[in-house]
Amino acid sequence: MTTDSFTDRLSEYLDGELSAPERAAVDAHLPQCAACRSTLADLRAVVAEAALLRNAPPARELWGGIAARIAPGRLPRAGVSPFRRAITSRLSFTLPQLAAAGIALMVLSGGLVWMARSGDPRADFQPISAQTELGPDTQMIAPANFADAHYDEAIADLERTLEAGRTKLEPETVRVLEENLRAIDRAIDQCRRALATDPANLYLNTHLADARQRKITLLRRATTLAMLGS
Amino acid sequence: MMRPGIAVLLYALAAAPVQAQERPSRAPQTDQTVPVSRGMRLAIENYAGEVIIHTWDKDALRVQARHPARTRINIRTGANVVNVSTNGPAGSVDYDITAPAWMPMKIEGQFNYVTIEGAQSDVSIETVRGDIVLKGGSGSITARTIEGEIQVEGARGTINLSSVNQGIRVTGASGDVAAETTNGSITFTRMDSKTVGAATINGNVSYEGTLADNGRYTFTTHNGDIVMTVPETANATFTVRTYNGEFGSSLPLKGPERSEIKRGRRAAYTLGTGSAEVEMESFGGAIRVRRAGAARTGR
């Protein structure tokens with residue numbers, strides 16, 4: 001394996017998810033590779049800091065609000081869009097600002113890791129407690145869901161802009177977009193329910209993050225279409 | 001007995017309604033050819049209609065279009081680009097364009113069905129509703145649609161394909177290929193690429209082709225199956241993750257017991273030297289690795 005391949009395995013090495021031969025290969029590689037030793041030290045620091053975070057649920061359940069708006073028995077009145085939030089905001093955002101919101105979400109995730117590692121006082125998170133009972137030999141990793149509030153805010157901003165431009169899209173296009181957003185929301189919901197019983201599951205956390213990013217990407221694409229239609 | 005002349009007359013009268021129902025072929029209202037030189041690119045803006053592009057070895061661009069009477073086709077030649085667009089009331093315009101094979105192409109619009117055959121340079125296609133069919137193509141290839149199927153055949157280069165509500169089919173491609181959709185399946189056939197990525201939410205991912213040494217292949221779905229069909233002589237490390245699904249293989253893979261694959265835990269299986277890296281993740285579907293040419297047994 002190349003050094004990059006070993007680097008890709010360090011997270012699983014730390015989680016204890018490598019097979020015995022793979023772990024032995026990494027053990028043999030580490031004394032010879034300063035870069036991998038440094039990366040492993042950084043990962044250990046992140047795990048230690050993450051253990052101090054509090055598992056704070058989102059301020060509101062996004063899916064419930066969306067489901068209520070798109071439920072068959074509760075079709076919106078003419079002129080009322082499923083994309084509209086219950087509370088309207090006087091703020092409006094330009095497309096560059098919305099694009100920046102999406103980029104900020106990604107930068108935030110990386111920046112929080114950096115701040116936590118450097119002990120920056122701005123990383124003022126409440127401590128969390130893992131709810132999974134694990135054996136004495138298992139390394140605990142708390143679920144990284146501290147970005148929920150920021151994710152919800154980015155989604156809400158995009159939905160507001162899409163609502164404002166809804167009439168500029170063809171009805172069939174709106175229907176297709178809503179259908180696919182629902183499909184992504186179902187995937188997100190399944191991940192969340194699975195995480196409720198298995199919060200430290202690395203695959204579920206990664207899969208949830210991927211699904212959320214998909215939703216943001218699709219919403220961003222939809223808002224761009226709406227803006228172009230004006 | 002009926003006279004021949006009357007028989008002919010009766011036949012003609014009987015045939016007339018049938019002929020009247022046949023839609024006459026529409027000759028193009030616009031047929032214009034402009035000279036182009038190497039280094040120039042083609043940019044087409046079409047709100048709605050069909051865009052068919054063929055290629056030839058001439059340094060000229062021929063634009064044929066069928067459109068409403070009051071619509072005018074604009075062909076503007078600049079230093080580095082030929083722009084093709086329309087003026088007049090909104091309506092469907094069907095293009096039949098013949099361009100040099102070396103010419104990079106960009107097609108944009110809302111409701112376009114696009115077919116390109118024989119391109120040997122960069123191709124960029126973006127539409128909201130409409131299928132995209134690309135035969136050939138070399139270089140940077142980008143195809144994006146919201147509601148439409150994407151079919152790519154025989155393309156080489158860096159290929160990025162994105163749909164939302166339908167599937168993607170890639171056949172005989174080489175180079176770096178990335179395909180994503182939300183509500184559709186992604187199918188790769190006769191592939192010879194070193195880097196392939198595919199992601200969908202509601203759909204299957206299937207791959208049939210070679211696995212290049214040191215290649216990287218990533219397949220992800222949420223509610224679908226992943227099926228790979230590869231030669232037994234391939235060298236690959238298959239990394240499998242599924243939360244509610246299962247894994248099976250008809251190849252002699254070395255790795256943990258299949259019962260150990262559960263709840264998203266990563267499991268790695270080796271074929272040959274394990275050179276290529278193959279990652280397969282499905283939240284709730286089955287993951288299968290099959291021997292090329294073997295009958296399907298479900299394992």
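Start where the two chains meet: 20 residues from chain B and 20 residues from chain A make up the contact, where two residues are in contact if their C-beta atoms, placed from the backbone, lie within 7 Å. Colour chain B's side of it by type and you'll get eight nonpolar, six polar and six charged residues. Here Ala, Val, Leu, Ile, Met, Phe, Trp, Tyr, Cys and Pro count as nonpolar, Asp, Glu, Lys and Arg as charged, and the others, Gly among them, as polar.

A quick word on what you're looking at. Residues are numbered from 1 along each chain as its sequence is written, while chains are lettered from A and ligands numbered from 1 in the order in which they are written. This is a predicted model, so local features need pLDDT of at least 70 and side-chain atom pairs count only at pLDDT 80 or more, while totals for chains, interfaces and linings use all residues.

Next, colour by pLDDT, the predictor's confidence in each residue, from 0 to 100. Chain B averages 89, and 89% of its residues score at least 70. Where pLDDT is low, the predicted coordinates should not be read in detail. For the complex, the predictor gives an ipTM of 0.83 and a pTM of 0.70.

Zoom in on B:Ser162, which sits in strand β14 (residues 156-162) of chain B; strands (E, at least two residues) and helices (H or I, at least four) are DSSP runs, numbered from the N terminus. Is B:Ser162 buried or exposed? It counts as buried because it has 20 C-beta neighbours inside 10 Å; the cut-offs are 20 or more other C-beta atoms within 10 Å for buried, 12 or fewer for exposed, and partly exposed in between. Beyond its neighbours within four places in sequence, B:Ser162 is in contact with B:Arg144 and B:Glu180.

Now pick B:Leu134, one of the residues touching the most other members of the largest nonpolar core, which has 70 residues. Such a core is a set of buried Ala, Val, Leu, Ile, Met, Phe, Trp, Tyr and Cys residues joined through C-beta atoms within 7 Å. A second, separate core of 31 residues includes A:Val176 and A:Leu208.

Finish on chain A, which has eight helices and zero strands. Buried residues make up 25% of its 230 residues.
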